[in-house]
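I opened this model to look up its sheet, the helices around it and a few single residues. My entries follow in the order I made them.

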Amino acid sequence: MSKQRNDFSGPIGDRVPWEEFSKEFLLKIMRLWQEQWEAFSTGLVKIGSEMEGVGVVNASELVARTMETAAPPIFAKIAEVCKVDVNTVEGRVKAGGLCMDNMYDHYPGQYEVKSDKEVILRYDRCAVMDKKLVGDLDILHYVCQYVEPRYAMTMLNYPGQRKIKVELLKIPESMTKKPGEPVCIWRFAFEE
């Protein structure tokens, strides 16, 4: 095997299979793709919110319903490839964090595995607050209470498998993080 590539310089006609790119290059591309996907979906909601007859709620609903349709089989496959136990909440949470931006690396939280049926996640930082994606507490609360739990369920609930309920136990109280306090606390548990 030839030396692995760290970029894609060279003539356009070069056919380069994925196996010839270095792991570092592929990870860089994956991270870039995820960041651009976040910008795309945020832009879609912004443009939709400005369109007559659409608004922010309908635009957000379109993105959420698309994820609810497309993401569960994708994350089921991720769980299979990663060999995690989908019969535990911990296994599903592990697979759900392996989206391309790698939640465990990008926004680490503290996980407490209560049992096979329950995991508590505490975040000390907030992607929405850090990136200033919203500018007002009401919109932040909408994202926390409606958007994020819905997205999380698309990554945790697989076709034909037991369902996981996502609960927000602590919500940000302001647009500024209080020192020493978690920004938010989440509970993931199998539905009874």
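Predicted model: local features only at pLDDT ≥ 70, side-chain atom pairs only at ≥ 80, totals over all residues.

**Entry 1**

I found an open sheet of 4 strands, ordered β1-β2-β4-β3, and the pairing is antiparallel. I then asked which strands stand at the edges. They are β1 (109-115) and β3 (164-170); each has a single partner strand, so one side of each is left without a neighbour in the sheet. I noted the twist as well, which averages 20° from one strand to the next.

Next I looked at one pairing in detail. β1 pairs with strand β2 (residues 118-123) in the antiparallel sense, over 6 bridges.

I asked which strands helix α3 (residues 89-96) touches. It packs on the sheet and touches β1, β2, β3 and β4 (184-190). The direction of α3 makes about 125° with that of β4. Helix α6 (residues 137-156) also packs on the sheet, where it touches β3 and β4. For α6 I wrote down an angle of about 145° between its direction and that of β3.

I went back to α3 to see how far it is covered. It is mostly covered, with 6 of its 8 residues buried. I listed the buried residues of α3 as Val-89, Gly-91, Arg-92, Val-93, Ala-95 and Gly-96.

**Entry 1: α1 against α2**

I looked up how α1 (23-50) and helix α2 (residues 55-82) pack. Two numbers describe such a pair: the angle between the axes and the distance between them. Here the angle is about 145°, and the axes lie 7 Å apart. I recorded the crossing of α1 and α2 as right-handed.

Which residues meet in this contact? From α1 I have Ser-41, Leu-44, Val-45, Gly-48 and Ser-49. From α2 I have Gly-55, Val-56, Ala-59, Ser-60 and Val-63. By type, the residues of this contact divide into 5 nonpolar, 5 polar and no charged. I also noted that residues three or four places apart on an α-helix point the same way, because there are 3.6 residues a turn.

**Entry 2: two single residues**

I looked up Ser-22 and found it in the segment before α1. Is Ser-22 buried or exposed? Its relative accessibility is 4%, so it counts as buried, the cut-off being under 20%. Leaving out residues up to four places away in sequence, Ser-22 touches Gln-4, Arg-5 and Asn-6. With Asn-6 there is a polar contact between the two side chains, at 2.5 Å.

I then turned to Val-128, which lies in helix α5 (residues 127-130). Val-128 has 11% relative accessibility and therefore counts as buried. I checked the separation of Val-128 from Lys-94, which is 34 residues apart from it along the chain. Their C-alpha atoms are separated by 21 Å.

**Entry 3: the whole chain**

I finished with the totals. The protein has 6 helices and 4 strands, and from the N terminus on the elements run α-α-α-α-β-β-α-α-β-β. Along the principal axes, the C-alpha atoms fill a box of roughly 55 × 45 × 40 Å. Buried residues make up 35% of the 192 residues. Of the contacts between residues at least 6 apart in sequence, 52% join residues at least 24 apart.

Terms used. Residues numbered from 1 in each chain as written. Heavy atoms only, no water. Helix = DSSP H or I, 4+ residues; strand = E, 2+ residues; numbered from the N terminus. Buried < 20%, exposed > 50% of the residue type's maximum accessible area, 1.4 Å probe, protein only. Polar contact = N/O pair within 3.5 Å; in protein donor to acceptor, adjacent residues only side chain to side chain. Contact = heavy atoms within 4.5 Å. Pairing = 2+ DSSP bridges. Axes fitted to C-alpha atoms, helices over the stretch in contact; angles between N-to-C directions. Left-handed = near helix turned anticlockwise from the far one by under 90°. Nonpolar A, V, L, I, M, F, W, Y, C, P; charged D, E, K, R; others polar.
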